[in-house]
Amino acid sequence: MAVDEGATASSSSLQESLLRSRAFWVSKEIIAWDVDAGDGSYCLYASKNATLSVVNREIKGYDVRIKLEKSTERLPEHVIEKFPHIRDFKPFRIPPALEVSNLLKYQLAVGAISSHGECISINGLQLPGVIDELFYYDGPLGAFFSPEAVSLYLWAPTAQKVHVLIYGESEGDNLLEVIQLEELNGVWSAKGPVTWEGCYYVYEVCVYHPSTLQIEKCIANDPYARGLSSDGRRTLFVNVDSEALKPESWNHLVDEKPSLVSFCDVSIYELNVRDFSASDDTVPSDFRGGYLAFTCPGSAGMLHLRKLSKAGITHVHLLPTFQFAGVDDDKSKWQNVDFEMLKSFPPDSDEQQACITAIQNEDGYNWGYNPVLWGVPKGSYASNPNGPSRICEFRKMVQALNRIGLHVVLDVVYNHLHASGPYDDYSVLDKIVPGYYLRRNLNGYIENSTCVNNTASEHYMVERLIIDDLLHWATTYKVDGFRFDLMGHMMKRTMVKARSMLQSLTKQNGVDGSNIYIYGEGWDFGEVAKNGRGINASQFNLSGTGIGSFNDRIRDAVLGGSPFGHPLQQGFATGLSLEPNDHDHGTKSTVDRMLGVSKDHIQVAMAANLKDYVLTNYDGQEVKGCEISLHDGVPVAYASSPEETVNYVSAHDNETLFDIVSLKTPVNISVDARCRMNHLATSIIALSQGVPFFHAGDEILRSKSLDRDSYNSGDWFNRLDFSYSSNNWGVGLPPKQKNEQHWPLMKTRLGDAAFKPRRKNILAALDSFCTFIRIRYSSPLFRLHSANAIQARVRFHNTGPSSVPGVIVMSIEDGHEGVPGLAQLDPLYSHIVVLINVCPTDITFIAPSLRGKALQLHPLQLNSSDHIVKGSSYDSPSSSFQIPSRTTAVFVQHRRTTSSETINPDH
């Protein structure tokens, strides 16, 4: 509580306090503030020209002063619900007759005045609460086109004046006209001729900015921009509904899209647009690294994607494709490194990374998690960043992927923005309504826990912008899903509303919204943790919503440790207990228990990480998934239905799967053994209930030369080779900034030629991956639609303290004669048994409950190129399985007769 702040404070320090917005104007009639002036008084001050100052402890420069009434009551419940972080602040009441709307355009401050008339505390105000109450708006925003005119609408309730500056070209001083917009209830609008189409514009917004305490003249793009000039300097007047911008048959794409019965049938392949083709010589050079590379059906990359699609992969998740900072849209400005020179350096040299990092901010590479404008495709991926090319080419990419059987998911980053303030060229929203779109702390400074410039979806018009943007991508570009970066920093309400709005889209909108899947990172940290800013979209809060969240539990259990722990910490599939490396994991009993607990976590995940799924844990107790805990006591399971769990072991973040396996396994095992561990990890994901997710290259042993964060490491470290000649291992020590601490560990491995896979290893990995994906789609039993169906049908056998270490045995039962209550889902198989043996030796497992079953190795494995798995066997009379080392084997019981009857797999 700020008590008697001015008792010792000088006028200069009080003046500086204006920069700290510690008071909250939460509704038309209430300001919340944590201050106590004893028997003094409290006032609201407003200055139209931003001339507030404190001189000799007297507040000067105001045009309006309003006396506030301190209340002895608590803040109203609806205010606490919206702003839980100020629940203990005191309410100060504003006279009901005060005309508030115009005051919000002024510089504002609240002051506490002592009984002697001296200012003892003064602070700026945070305005989102009162803005939401007075200026929520659901009408048109952005540019609208009709046969007669072009209309502009901009929501900017705190702006004093707004002009639009119209240019004939994407750059230069060819200003055509300047028009002042008119305001009605916080929305500024103008109407112009149809000849504006094809021109460019920016807004000039005259507005008070709390970061400078000045009335600023901000130059900004339209937050609802649908086209841009190169590098996003100007907004393009473009009618995205124009037939001229649509590929042939675009309006009928909804009828060409691959079918999708349930979100439990989804499987996801995560891919970066540039990675896909930047190194592919079979793609025309002008198309490489961009949208049009996906329109080359005979390229190595498209043939690879077609192969994955035929195996069963349903969705391609594209890393950020909106307008982001970090890569100049003008390719002529890019700097490049001579790859032939880099190839001349040793595999464990630091020379490669030195060359790459020297130009890393001037080349054509960045993942793109630094958003500038959400609603426009990134210009650097287009053949021409000016004009409408990026719109046409993005649509062609979506169409081409749909036509080979792949849905398209966009990676959206609504949790933060690249820039803020009145001056940065990449700042947009914070120029239009300063202090509104970005989440601020109790001192009024922008929260940066996501990385930088956290957004505030708890504010109504931020939520509206996000949902409008999603609907725009779904209808304008016909995308099929969205992955939300740091979804936990958004409010649950926003996510639930977004899902509902997307699913309500119909073919009248040109899309089938019922097939749009949304998922994201439900991590709970920063200022939003534990519902600190409202009920956020975290893993546990999303239970029951049908929204997917990444399951980090299975990743850490399979691989070991976590991305933030020691890189040599082993896991279930990387040798924990069974093939120890040199890292000290503890005593033998400790390590053995770690192995058993890891298996518990994996088994829960294989049952879709359902919180109420019951299984026998390592200690022999029957427990629910939510009763199994992580090391910090947090429950392992959080999902209520299988589509809410996205299982994965690798993604663009952190090391690739092959790299992490190469780090964690003992240095003296063979590369063939490491490759089989790679197969084991992907097989666990492929055969789990829920939604499987794979990082591009998991299936071909992709390496980034051990780089743990390759977001800005250039094409050299991020290379994908769809000719299958190399996996990119040993192309030098990874960039120093994020990796230097572990260079000694890396150097040992990168410099050892025995670590590098050969072409035959890469091809074997691809065949193994495709086989397990085909197995997943060979039976609906791997894709059960409900928690009840999973509990009734999925069972784990090798459990309890006497279980065989390093072995998972999962059975899935279908309805058949003699089993009451279970409907028949699979016309081919009545029973499936999956055995995962991560041990370096063959194992025997006896399953008495399966005695008498007529189980045979899955036909896809019998016909695969993996000769080791063909050594798996089952003896029915003894119910004994023999499984080779480092092998996942799938056994099936064929039905005596087949049925074409279709039955709902929810049962």
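Trainee: Two strands count as paired when DSSP finds at least two bridges between them. With that settled, in what sense do β27 and β28 pair, and over how many bridges?

Mentor: Please keep in mind that this is a predicted model. Strand β27, residues 517–520, and strand β28, residues 548–551, pair in the parallel sense, and two bridges link them.

Trainee: Which residue is the bridge partner of tyrosine 519 in β28?

Mentor: The partner of tyrosine 519 is glycine 548.

Trainee: And how many bridges join β28 to β31?

Mentor: Three bridges join β28 to β31, and these two strands run parallel. In this pairing, phenylalanine 550 faces valine 646, which belongs to β31.

Trainee: Now the sheet with β12 in it. What is the order of its strands?

Mentor: The order is β12-β13-β17-β16, in an open sheet of four strands with antiparallel pairing. Its edge strands are β12 (142–145) and β16 (182–184), each of which pairs on one side only. On average, neighbouring strands of this sheet are turned by 25° against each other, with direction ignored.

Trainee: Over how many bridges do β12 and β13 pair?

Mentor: Four bridges connect β12 and β13 in the antiparallel sense. Within that pairing, phenylalanine 145 stands opposite valine 150 of β13.

Trainee: What about the sheet that contains β39? Which strands stand at the edges there?

Mentor: That open sheet has three strands in the order β36-β39-β38, and the pairing is antiparallel. The edges are formed by β36 (843–846) and β38 (873–875); each has a single partner strand, so one side of each has no neighbour in the sheet. The twist from one strand to the next averages 20°.

Trainee: Which residue stands opposite aspartate 875?

Mentor: Serine 880 in β39 stands opposite aspartate 875. Strand β39 covers residues 880–883, and its antiparallel pairing with β38 extends over three bridges.

Trainee: Changing topic to helices. At what angle do α13 and α14 pack?

Mentor: Helix α13 (residues 552–559) and helix α14 (residues 588–606) pack at about 140°, with their axes 9 Å apart. The two helices are therefore oblique to each other. An angle must be over 145 degrees to count as roughly antiparallel.

Trainee: Is their crossing left-handed or right-handed?

Mentor: The crossing of α13 and α14 is left-handed. On the α13 side, the contact is made by Ile554, Ala557 and Val558; on the α14 side, by Ser598, His601, Ile602 and Ala605. By class, this contact of α13 with α14 has five nonpolar and two polar residues, with no charged ones.

Trainee: How do α11 and α12 cross, then?

Mentor: The axes of α11 and helix α12 (residues 492–503) come within 10 Å and cross at roughly 30°. That angle makes α11 roughly parallel to α12. The crossing is right-handed.

Trainee: Which residues of α11 and α12 meet?

Mentor: From α11, the residues are Tyr460, Glu463, Ile466, Ile467, Leu470, Leu471 and Ala474; they meet Arg493, Thr494, Lys497, Ala498, Met501 and Leu502 of α12. Sorted by class, the contact of α11 with α12 has nine nonpolar, one polar and three charged residues.

Trainee: And α3: how many of its residues are buried?

Mentor: Six of the eight residues of α3 (residues 128–135) are buried, so this helix is largely enclosed by the rest of the structure. The buried residues in α3 are Pro128, Gly129, Val130, Ile131, Asp132 and Phe135.

Trainee: What do the buried residues of α3 pack against?

Mentor: They pack against β2 (23–27), α2 (77–82), β11 (119–126), β13 (150–155) and α11 (460–476).

Trainee: One last topic, the loops. Where does tyrosine 724 lie?

Mentor: Tyrosine 724 lies in the loop between α17 (714–718) and α18 (736–739). Its phi is positive, about 65°, although the residue is not a glycine.

Trainee: Is tyrosine 724 buried or exposed?

Mentor: Tyrosine 724 has a relative accessible area of 10% and is therefore buried, the cut-off for buried being under 20%.

Trainee: And what is phi of asparagine 654?

Mentor: Phi of asparagine 654 is near 65°, again a positive value in a residue other than glycine. Asparagine 654 is located in the loop between β31 (645–647) and α15 (657–664).

Methods
Residues are numbered from 1 along each chain as its sequence is written. This is a predicted model: local features need pLDDT of at least 70, side-chain atom pairs count only at pLDDT 80 or more; totals for chains, interfaces and linings use all residues. Side-chain values use heavy atoms; hydrogens and water are left out. Axes are lines fitted to C-alpha atoms, for helices over the stretch in contact, and angles run from 0 to 180 degrees between N-to-C directions. Angles under 35 degrees count as roughly parallel, over 145 as roughly antiparallel, 65 to 115 as roughly perpendicular and the rest as oblique. A crossing is left-handed if the near helix is turned anticlockwise from the far one by less than a right angle, and right-handed if clockwise. Contact means heavy atoms within 4.5 Å. Ala, Val, Leu, Ile, Met, Phe, Trp, Tyr, Cys and Pro count as nonpolar, Asp, Glu, Lys and Arg as charged, and the others, Gly among them, as polar. Buried means under 20% relative accessible area, exposed over 50%, partly exposed in between (1.4 Å probe, protein chains only).
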